[in-house]
Amino acid sequence: MIDVLLVPLTRPFVYDYLGYWSSCVSDSLSRVGLKPYVYVWPSVEKPPMKCFVWSRRQYNSPCLLSWLYSRVSRSTEFFVVGIGYLDAYSDALNFVFGEASPAMKTAIVYTRRLDPCFYGESFNPTKYVGRVATEIVHELGHLLGLPHCSSRECVMCFSNSVYDVDSKTRFFCRRCGNELKKLYV
């Protein structure tokens, strides 16, 4: 049994889709033979401004991971995934779609760059929620112990751009699925 907790970090572009993303996580994990239980945190946990870097106009992802861990994760056995309509960077990367800390059992998905509007396109809710679902499952895969995968369609394939996110699925390849089964079944 795998308990997952989705935590909204912003209300716009997140709160209304939590039920759908919860179903996507359940479906992706169930397809490899796992028994997930996905819960949604009952309120929005607003990220602290101490993690916002004004000169970059982005959040520092390691700072937010530590904050979310101290706020929610350390008091639970859940795998925690925060989701926010935010832009963030980490270490040497100019931006990240998400970041996971398996040691803290905590991950965050940053959805602003997953929105077609970020690239000058019209808002496309289907594309947006699909991209976010893929990244939630990807970060959860890291929390469960999986590294990046070389299979282009596998959810665990590294995404260097939003087009890479579009080219993969939200499902684990056979190899990654078998690895999860070894670890959790």
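I began with Asp27, which forms a salt bridge with Arg170, the closest N and O atoms being 3.1 Å apart; I take a salt bridge to be a side-chain nitrogen of Lys or Arg within 4 Å of a carboxyl oxygen of Asp or Glu. This pair links distant parts of the chain, since Asp27 sits in helix H1 and Arg170 in the loop between helix H4 (162-167) and helix H5 (174-184), 143 residues apart. Helices (H or I, at least four residues) and strands (E, at least two) are DSSP runs, numbered from the N terminus.

I note that this is a predicted model, in which local features need pLDDT of at least 70 and side-chain atom pairs count only at pLDDT 80 or more, while totals for chains, interfaces and linings use all residues. Residues are numbered from 1 along each chain as its sequence is written, and side-chain values use heavy atoms, with hydrogens and water left out.

Buried means under 20% relative accessible area, exposed over 50%, and partly exposed in between (1.4 Å probe, protein chains only). The structure holds nine salt bridges, and those that share partners join Asp27, Arg31 and Arg170 into one network.

I then turned to Arg71, which forms a salt bridge with Glu45, their closest N and O atoms being 2.5 Å apart. Arg71 lies in helix H2 and Glu45 in the loop between E2 and strand E3 (52-53), 26 residues apart; Glu45 is buried, with a relative accessible area of 7%.

A further entry is Lys168, which forms a salt bridge with Glu135 at 3.5 Å between the closest N and O atoms. Lys168 is in the loop between H4 and H5, Glu135 in helix H3 (residues 125-143), 33 residues apart, and both Lys168 and Glu135 are buried.

**Sheet**

I traced an open sheet of five strands in the order E2-E1-E5-E9-E8, with mixed pairing, where two strands pair if DSSP finds at least two bridges between them. The edge strands are E2 (36-40) and E8 (98-101), each of which pairs on one side only. The twist averages 15° from one strand to the next, with axes being lines fitted to C-alpha atoms, for helices over the stretch in contact, and angles running from 0 to 180 degrees between N-to-C directions.

Helix H2 (residues 61-71) packs on this sheet, touching E1, E5 (79-84), E8 and E9 (106-110), and its direction makes about 130° with that of E9; contact means heavy atoms within 4.5 Å.

Strand E1 (residues 2-8) runs parallel to E2 and is joined to that strand by five bridges. Val4 stands opposite Val38 in E2, and Leu5 has Tyr39 as its bridge partner there. Six of the seven residues of E1 are buried, so this strand is largely enclosed by the rest of the structure.

**Single residues**

I checked Ser22, which lies in helix H1 (residues 18-30) and counts as buried at 12% relative accessibility. Ser22 touches Leu6 and Val38, not counting residues up to four places away in sequence.

I also looked up Phe95 in strand E7 (residues 93-96), which is partly exposed, with a relative accessible area of 24%. Leaving aside neighbours within four places in sequence, Phe95 is in contact with residues including Gln58, Tyr89 and Asn160.
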